[in-house]
Amino acid sequence: MVAVYVIIGIVVVLAVILWVLYNGLVRLRNQVKNAWAQIDVQLKRRYDLIPNLVETAKGYMKHERETLEAVTNARNLAQQMSSAGAGQRAKAEGELSSALSRLLAVVENYPDLKANQNFLALQEELTSTENKISFSRQFYNDSVLRYNNQTQMVPSNIVASMFGFKASEFFEVTLAAEREAPKVSFT
Amino acid sequence: MLTIGMGALLILIGYFLGAAFDNAVAGLVIAILVWVILSLVAYFQGDSILLSMSRAKKIKRDDHPRLYNIVEEMKIASGLEKMPDIYIIDDPALNAFATGRDPNRASVAITSGLLQKLNRDELQGVIAHEISHIKNRDVLLMSMCGVLLGTIVLLAWYGSRFLIFGGAGSRRSSSSGGGGQGQIIILIVALVFMILAPIFAQLIYFAISRKREYLADASGALYTRYPEGLASALEKLGASTGQLKAANKATAPMYIINPFRKKGMKASDLTSTHPPISERIRILRAMAGASFTDYDQAYSTVHRGKGVIPTTSLVAETVPITTTKLEGEAGEPNEIQRARETSDVMWRLNNYNTIKCDCGAKLRVPPKFKEPAIKCPHCGRTHQV
């Protein structure tokens, strides 16, 4: 009789442990997923901001047609690539970032533009969006680290392999291309 | 751990209070009842009470886009699910606080003085510190501890008076039989305890508060990846002398720096809700990376002792500090521009209508103004209201 109780007890304890570990893994995996979605939201926000910025700057920057066109083209390309493969997209986003930084560098030569309230507001928005992109990337990587640790460490790695929780990849940034292709597997 | 200590103090006080009324259980029940009621009020109304007490005004995105953006950036960096509400307190003193019972119902408030004085990086550091209070649920922890402390002080105050004036007298007449000696000893112990309990509770409360401040600084550095931002903000905060008008003792641990700090006070002693600012700056500047481990190491170097971060949160990972900040200095408004911007926001939040005259003057039209047009006192042009 005692043996039966002991066995039942062990089974219950094991079930509770399994339950806690499984839920923990699901929570972390969802966090990774949400963090990834947040990066996407911010990249889209950048697409929306650029036409306004270019429109405002155009009136003041008569001699910077090429710089402005480069930004517009890079933006359009990046937007087209957003549904394409991650590798191509990374390259396009990287080019957009560098075109934008060239534009913001030449703004220094146009004091009238720098005094324009509308432009200042747009610049703040763009600066903040760039920040948000990097903070969401940072949070994504932190989440991936926590999630991967859980899938690899004892005892949660046993649960992870039982239910097919696969490690996610980090979102690394190389200088050549702003956005390296992250392969996120949510199985 | 310290919280449990405070709870134990409360229960002990209830016990001794009960002993004074011949019934220990009744005292316990009183203590627990008072505590539950106070906790419920603090839990459900704490944030709105605090915000209305500090006369904070809620802002929307359009009122101050930069502040809103910075809060949103930190919300993303910390992984909060919901955007906290943002409030501005019209006060030249430099301070900020966070409130709200859980991360989904949180608010961040900063003074208009702070909004003027700090640049983007510094503001980001301060907001990161406040968001960490939300993320670490310090607001809930500290208000519960505050309620515990308040209850202990309250009960001890009443209890000691009962013991001195009421309880002892009535007891002498009622229990004329044996055991008088033991009762007197218990009474004396109870009296001493009543006097000491509030003091100990206060010290424990301060210790918890200081620990959470260090943790919030560490998380702030981690979220921004830029400890210098918070360090330089703290430097400006420390140099200012203005005291916040609408702060009180109960709300002190919520602020980024102690609102009751006296100038030149060395507050590393046991009686402050916040660690001394100079020490917080030294730790932040001694950090080699931006992770909790780096903060912990910096803390132990400054203190020549063991660290302050709970060991469960320490992960062996290297987190580099951002050296090149993304925002260019180009679009950064200087202090005068920030002052103008902030005063514009404050007028608007008080429902004043601002009209810009062509001569450069700004007319602030009060909400009670009923005339259809107004004359510029500077150049005499007429404006439609």
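**Exercise 1. In this predicted model, find which residues of helix 5 of chain A meet which residues of helix 3 of chain B, and describe how the two helices pack.**

Solution. 
1. Start with the chain A side: Ala121(A), Glu124(A), Ser128(A), Asn131(A), Lys132(A), Phe135(A), Ser136(A), Gln138(A) and Phe139(A) of helix 5 take part.
2. Facing them in helix 3 of chain B are Pro65(B), Arg66(B), Asn69(B), Glu72(B), Glu73(B), Ile76(B) and Ala77(B).
3. Sorted by class, this helix contact has 6 nonpolar, 5 polar and 5 charged residues.
4. Helix 3 of chain B covers residues 65-78, and its axis is 8 Å from that of helix 5 of chain A, at an angle of about 10°.
5. Angles under 35 degrees count as roughly parallel, so helix 5 of chain A is roughly parallel to helix 3 of chain B.

**Exercise 2. Work out how many residues each chain gives to the contact, and which helix of chain A gives the most.**

Solution. 
1. Chain A contributes 20 residues and chain B contributes 15 residues.
2. On the chain A side, helix 1 (2-58) and helix 5 (117-152) each supply at least two residues.
3. Helix 5 of chain A gives the most, with 15 residues.
4. The chain A side divides into 7 nonpolar, 9 polar and 4 charged residues.

**Exercise 3. Describe the make-up of chain A in helices and strands, and state where its confidence is lowest and highest.**

Solution. 
1. Chain A has 6 helices and 0 strands.
2. Of its 187 residues, 33% are buried.
3. Among contacts in chain A with a separation of 6 or more, 69% are between residues 24 or more positions apart.
4. The mean pLDDT of chain A is 81, with 87% of its residues at 70 or more.
5. Confidence is lowest in helix 3 (residues 86-106) of chain A, with a mean of 77, and highest in helix 1 of chain A, at 89.
6. Over residues 174-187 of chain A, pLDDT is below 50; this stretch has 33 contacts in the model beyond near neighbours in sequence.

**Exercise 4. Locate the cis peptide bond of Pro155(A), then decide whether Arg137(B) and Arg225(B) are buried or partly exposed.**

Solution. 
1. The cis bond joins Val154(A) and Pro155(A), with omega about 5°.
2. Pro155(A) lies in the loop between helix 5 and helix 6 (156-162) of chain A.
3. Arg137(B), not a glycine, has a positive phi of about 55°; its place is the loop between helix 5 (120-135) and helix 6 (138-174) of chain B.
4. Arg225(B) also has a positive phi, near 60°, and sits in the loop between helix 7 (180-224) and helix 8 (227-239) of chain B.
5. The cut-off for buried is 20 or more other C-beta atoms within 10 Å.
6. Arg137(B) has 15 such atoms and is therefore partly exposed.
7. Arg225(B) has 21 C-beta neighbours inside 10 Å, so Arg225(B) counts as buried.

Technical notes:
Residues numbered from 1 in each chain as written. Chains lettered and ligands numbered in written order. Predicted model: local features only at pLDDT ≥ 70, side-chain atom pairs only at ≥ 80, totals over all residues. Helix = DSSP H or I, 4+ residues; strand = E, 2+ residues; numbered from the N terminus. Buried ≥ 20, exposed ≤ 12 C-beta atoms within 10 Å, placed from the backbone. Contact = placed C-beta atoms within 7 Å. Nonpolar A, V, L, I, M, F, W, Y, C, P; charged D, E, K, R; others polar. Axes fitted to C-alpha atoms, helices over the stretch in contact; angles between N-to-C directions. Parallel < 35°, antiparallel > 145°, perpendicular 65-115°, else oblique. pLDDT = per-residue confidence, 0-100.
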